[in-house]
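The following report describes a protein model for a reader who works with coordinates. It takes up sheets, helices, domains and a few backbone details in turn.

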Amino acid sequence: MTFAHRHLLGIEHLSPDDIVTVLDLAERYVTLNRQPAKHSDVLAGLTQINMFFENSTRTQASFELAGMRLGADVMSMAMQASSVKKGETLIDTALTLNAMRPDLLVVRHPQSGAVDLLAQKVNCAVLNAGDGRHEHPTQALLDALTIRRAKGRLHRLSVAICGDIAHSRVARSNILLLGKMENRIRLIGPPTLMPAGIGEFGVEVFENMAEGLAGVDVVMMLRLQKERMDGGFIPSEREYYHRYGLDAEKLALAKPDAIVMHPGPMNRGVEIDGTLADDINRSVIKDQVEMGVAVRMAAMELLARNLRAGARAEAEAGQ
């Protein structure tokens, strides 16, 4: 398996072959994670530091579990309570961490581009766990693995992404990944939550759920942040659910075997009907959580391989 990247900062710079490489390796980890003994020593001797500048219990727990199952020494830092609050800059933080000589750095940050900046200042491999409105690459990869396992393929499918497109890094990463894999992408949402110029991404844009969901293979709902509910982007939660919340009546417009996805955490009764979210015949939301651990294990193994190969090359060059 070849994956010629030092960091995983986004989907934008990955090729279709890179994507398939991550997913194929993740399949092996799905199998491992279902065994009574879930441990591997792939990252033995390496140190993984998780830096989350904004809260995300699910993503942080997934990365922690992935690192521990691979045998890494894992440390998580609560950056909300760190010296960053006292005025330390992101670069200061990066230089401090670099002096600790970590091997893998998992970073989540509320500002777009912050993870890329940090990656330029450290010697280790950096994984983007979500930065601002920019990207969330491992979420798109776990979504891709979920789709591939449910539908038997990851190309030439019709995928509807519904909700707050404008503020969603999940939507951006999925648009990039699904586009690279030759899928037909439909975006559905109110004009207030649709970014300007989105049609240039090679997607179809719909304001009406009935039109957008017609005949699709995959329905991917997005979380509506509370600040959007309170900020005048939508008339009310009830009105939003009436027009854009997924229920059985709206889902009936998709293909009979269409799957339902959501990155979580869900606002039941706002983005999606609770009964539908729990429907084991249509919903793959729990599968997405499981795939998340496997995908993050695969991504860290691939970056660790490159890290070790680079260290060997430097050692040989110095002899």
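This is a predicted model: local features need pLDDT of at least 70, side-chain atom pairs count only at pLDDT 80 or more; totals for chains, interfaces and linings use all residues.

In strand 4, which residue is the bridge partner of Leu 105? The partner is Val 126.

Residues are numbered from 1 along each chain as its sequence is written, and side-chain values use heavy atoms, with hydrogens and water left out.

**The first sheet**

Helices (H or I, at least four residues) and strands (E, at least two) are DSSP runs, numbered from the N terminus. The bridge between Leu 105 and Val 126 belongs to the pairing of strand 3 (residues 104-109) with strand 4, which runs in the parallel sense over five bridges. Two strands are taken to pair if DSSP finds at least two bridges between them. Four strands form this open sheet in the order 2-1-3-4, with parallel pairing, and its edge strands are strand 2 (73-78) and strand 4 (125-131), each of which pairs on one side only. From one strand to the next the twist averages 15°, where axes are lines fitted to C-alpha atoms, for helices over the stretch in contact, and angles run from 0 to 180 degrees between N-to-C directions.

Although strand 4 is an edge strand, it is mostly covered, with seven of its seven residues buried; buried means under 20% relative accessible area, exposed over 50%, and partly exposed in between (1.4 Å probe, protein chains only). Helix 3 (residues 90-99) lies across strand 1 (47-52), strand 2 and strand 3, and runs at about 165° to strand 1.

Strand 8 (residues 218-221) and strand 9 pair in the parallel sense over three bridges, and Met 220 has Met 261 as its bridge partner in strand 9.

**Helices and domains**

The expected span of a helix is 1.5 Å times one less than its number of residues, and the table sets this value beside the distance between the end C-alpha atoms for two helices.

| Helix | Residues in helix | Expected span | End C-alpha distance |
|---|---|---|---|
| Helix 12 (285-318) | 34 residues | 50 Å | 50 Å |

The buried residues of helix 1, including Ile 19, Leu 23, Ala 26 and Tyr 29, pack against helix 2 (57-69), helix 5 (137-151), helix 6 (169-180) and helix 12, where contact means heavy atoms within 4.5 Å.

The protein is divided into domain 1 (7-136 + 289-308) and domain 2 (138-284), with bounds that come from an automatic or database domain assignment. Their C-alpha centres lie 26 Å apart, and the contact takes 30 residues from domain 1 and 24 residues from domain 2.

**Loops and backbone details**

Two residues other than glycine have a positive phi: Arg 156, near 55°, and Glu 182, about 65°. Arg 156 is placed in the loop between helix 5 and strand 5 (158-162) and counts as exposed because its relative accessibility is 62%, while Glu 182 is found in the loop between helix 6 and strand 6 (184-188).

The peptide bond from Gly 264 to Pro 265 is cis, with omega near -10°, and Pro 265 lies in the loop between strand 9 (259-261) and helix 11 (274-277). Both Gly 264 and Pro 265 are touched by Arg 223, as are Asp 164, His 262, Asn 267 and Glu 271, not counting residues up to four places away in sequence. Arg 223 itself is found in the loop between strand 8 and helix 8 (226-230) and counts as partly exposed, at 31% relative accessibility. From C-alpha to C-alpha, Arg 223 and Pro 263 are 7.3 Å apart in space, and they are 40 residues apart in sequence.
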